[in-house]
Amino acid sequence: MSESRQRPPFKGPRWIITLVALVTLVVITALIYPPRNSVTCYMFSGPGCQLYQQFLFVPSRELTDTEAAAQVVTNEIMNLPESKIANPKIAFMFLTPGALPFEPLWEMFLRGHENKFSIYVHASKKSPAHTSNYFAGRDIHSHKVAWGQISMVDAERRLLAHALIDPDNQHFVLLSDSCVPLFDFNYIYNHLIYANLSFIDCFEDPGPHGNGRYSQHMLPEVEKKDFRKGSQWFSMKRRHAIVVMADSLYYTKFKLYCRPKMEGRNCYADEHYFPTLFNMIDPNGIANWSVTHVDWSEGKWHPRLYNARDITPHLLRKIKSIQLAYHVTSDLKKVTTVRPCLWKGEQRPCYLFARKFNPETLNRLMYLFPNYTSLV
């Protein structure tokens with residue numbers, strides 16, 4: 001019998017062994033640390049990936065024709081590449097019944113930055129007599145606005161429409177006649193223009209002043225679990241502003257079924273439309289708090305009004321130093337949610353603007369302006 005022969009050692013090219021080892025390493029790395037927005041993530045990881053969720057999303061029900069069309073339009077807008085604007089501007093949009101008493105203060109804030117901002121004024125009752133050249137000629141065609149009515153949302157959409165005409169406007173801030181800036185222009189400009197989020201207030205309130213305002217007539221497009229609440233004073237990126245202009249489906253639901261004294265409940269569209277819309281279409285693209293501070297500590301239907309005697313360096317520093325956003329539910333549990341105000345992962349002051357200031361505070365604010373708007 002011939003002796004059994006031993007298999008000779010493998011003498012294949014070393015590059016094959018090296019290639020197999022590298023591919024194995026890449027696969028293991030992709031499984032453990034998947035890129036969250038890439039095809040690699042989709043191929044190797046699965047449910048943790050954004051693309052996985054987009055490709056394999058199966059609606060829980062059949063979409064209506066209008067809903068399917070709305071999703072197509074919204075997805076196309078959201079996937080548009082960001083515009084490469086050489087000189088991006090902030091659109092400051094003032095929603096006011098008439099006069100703008102703080103124009104002199106805003107002029108101090110804006111002076112020297114003329115190519116970095118645009119002004120738009122929606123005066124719902126009486127056209128203001130402007131005292132600043134920055135505001136002269138900046139009034140848009142306006143209609144009457146009633147508190148708590150859909151006309152408030154209409155005015156906000158009207159402001160956005162006019163501001164979007166200028167392609168250089170890349171961030172859109174809604175302000176009232178009682179709003180004032182808390183920081184200097186450069187800080188606010190950089191904070192908004194280079195942010196990766198829109199600052200839209202949004203939280204879930206199971207209480208009577210939150211989900212208690214929801215109407216079943218909003219079904220099937222708006223479910224109760226998606227209904228949200230938040231401050232109307234938003235600050236949003238251009239792509240989100242375009243989505244607002246494109247939306248008719250969800251806007252119509254709120255126009256018809258979110259009204260005061262409807263079905264025994266008071267639903268205010270300006271507190272629910274934007275939070276609900278963006279919670280449904282881009283929940284990860286909003287900050288869930290507003291950059292405009294309002295003091296509700298008095299527990300009344302309207303926020304605290306600051307008078308001249310209230311305006312001190314201590315008050316302004318106190319508002320500017322807030323770095324946590326609070327939300328309290330309106331049910332008996334009064335559950336408080338606290339979140340840090342993060343800007344690209346860095347904790348920063350929550351608020352860039354504040355309201356509600358009595359016109360009599362103007363002189364005091366202008367006197368303190370150079371100091372209180374500094375970062376110190």
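How many helices and strands does the secondary structure of the chain come to? The answer is 12 helices and 13 strands. Helices here are DSSP runs of H or I with at least four residues, strands are runs of E with at least two, and both are numbered from the N terminus.

Some housekeeping. This is a predicted model, where local features need pLDDT of at least 70 and side-chain atom pairs count only at pLDDT 80 or more, while totals for chains, interfaces and linings use all residues. Residues are numbered from 1 along each chain as its sequence is written, and side-chain values use heavy atoms, with hydrogens and water left out.

Of the 376 residues, 47% count as buried. Buried means under 20% relative accessible area, exposed means over 50%, and partly exposed is in between, with a 1.4 Å probe and protein chains only. Take the contacts, meaning heavy atoms within 4.5 Å, between residues at least 6 apart in sequence: 76% of them join residues at least 24 apart.

Now helix α4, residues 65-78. At 1.5 Å a residue, its 14 residues should span 20 Å, and the end C-alpha atoms are 20 Å apart, so the two agree. The expected span is 1.5 Å times one less than the number of residues. Which residues of α4 are buried? They are E67, A70, T74, I77 and M78. They cover an arc of only 90 degrees around the axis, which puts them on the same side of α4; the arc is that of the directions from the helix axis to the C-beta atoms. In general, an α-helix has 3.6 residues a turn, so residues three or four places apart point the same way. The cover over the buried residues of α4 includes α8, α9 and α10. On the face turned away from the buried side are the exposed residues D65, V72 and E76.

Next, the loops. S132 sits between β2 and α6 and counts as buried because its relative accessibility is 1%. Leaving out residues up to four places away in sequence, S132 touches E103 and E107.

Two peptide bonds are worth a look. The bond from L219 to P220 is cis, with omega near 5 degrees, and P220 is in the loop between β5 and β6. The bond from R355 to K356 is also cis, with omega near 25 degrees; K356 is in the loop between β13 and α12.

Last, E263, in the loop between α9 and α10, has a positive phi near 55 degrees without being a glycine.
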